[in-house]
Amino acid sequence: MEQIIHATETYLYYIVEICCVLMELFGIAVLVFTAVKCFVQWIRRDATHLRLDLAQGIALSLEFKMGSEVLRTVVVREWEELLILGAVILLRGLLTFLIHWEIKNEKHDIEKTQKPEE
């Protein structure tokens, strides 16, 4: 019975690690795609919503990365690792909050400039 439990824990560990790597890869792909797309928009002088698009891509990328960190908490065994993981999640959460705040302000500015003056 102990061997079955050990084997199950081992499989769970590897499945979680593979999923974490995939989620981080998705986050990196989203960030790189967004950066290239926004750079092309900037080169073409089509920068009407450039900051908004870039901020939304960064926020989505951070959410993938944060999801990976949350998933990683499943296999953490020591308090020291958990504290480090908690600090990383907290920092990424704060960054995501700040980026969403910036997105909200940018949308407000865009709406303000597109409204006809009365």
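Visitor: Why are helices H2 and H3 called roughly antiparallel to each other?

Guide: The axes of H2 (residues 50-72) and H3 (residues 79-114) cross at roughly 160 degrees and come within 9 Å. Angles under 35 degrees count as roughly parallel, over 145 as roughly antiparallel, 65 to 115 as roughly perpendicular and the rest as oblique, so H2 and H3 are roughly antiparallel. Axes here are lines fitted to C-alpha atoms, for helices over the stretch in contact, with angles from 0 to 180 degrees between N-to-C directions. Helices are DSSP runs (H or I, at least four residues), numbered from the N terminus.

Please keep in mind that this is a predicted model, where local features need pLDDT of at least 70 and side-chain atom pairs pLDDT 80 or more, while totals for chains, interfaces and linings use all residues. Residues are numbered from 1 along each chain as its sequence is written, and side-chain values use heavy atoms, leaving out hydrogens and water.

Visitor: Now the rings. Why is the pair of tyrosine 13 and tyrosine 14 called edge-to-face?

Guide: Rings of Phe, Tyr and Trp (its six-membered ring) pair if their centres lie within 6.5 Å, and planes under 30 degrees apart count as stacked, over 60 as edge-to-face and the rest as tilted. The two tyrosines are 5.6 Å apart centre to centre, with 70 degrees between the planes, and that makes the pair edge-to-face. The structure holds 3 aromatic pairs. Another of them joins phenylalanine 26 and phenylalanine 64, also edge-to-face, at 6.0 Å and 70 degrees. Phenylalanine 26 sits in helix H1 (residues 2-43) and phenylalanine 64 in helix H2, 38 residues apart.

Visitor: What makes arginine 77 and glutamate 9 a salt bridge?

Guide: A salt bridge is a side-chain nitrogen of Lys or Arg within 4 Å of a carboxyl oxygen of Asp or Glu. For arginine 77 and glutamate 9 the N to O distance is 3.7 Å, which meets that limit. Because arginine 77 lies in the loop between H2 and H3 and glutamate 9 in helix H1, the pair ties together parts that are 68 residues apart in sequence. Arginine 77 is exposed, with 64% relative accessible area, whereas glutamate 9 is partly exposed at 37%.

Visitor: How many salt bridges does a search of the whole structure find?

Guide: The search finds 7. Among them, glutamate 24 meets lysine 65 at 3.9 Å between the closest N and O atoms. Both glutamate 24 and lysine 65 are buried, and the pair links helix H1 to helix H2, 41 residues apart. Glutamate 69 and arginine 72 form another, at 3.5 Å, N to O.

Visitor: Why do glutamate 69 and arginine 72 count as separated by about one helical turn?

Guide: Because they are 3 residues apart in helix H2. Glutamate 69 is buried, since its relative accessible area is 6%. Salt bridges with shared partners join Glu24, Lys65, Glu69, Arg72 and Arg92 into one network.

Definitions and conventions: Helix = DSSP H or I, 4+ residues; strand = E, 2+ residues; numbered from the N terminus. Buried < 20%, exposed > 50% of the residue type's maximum accessible area, 1.4 Å probe, protein only.
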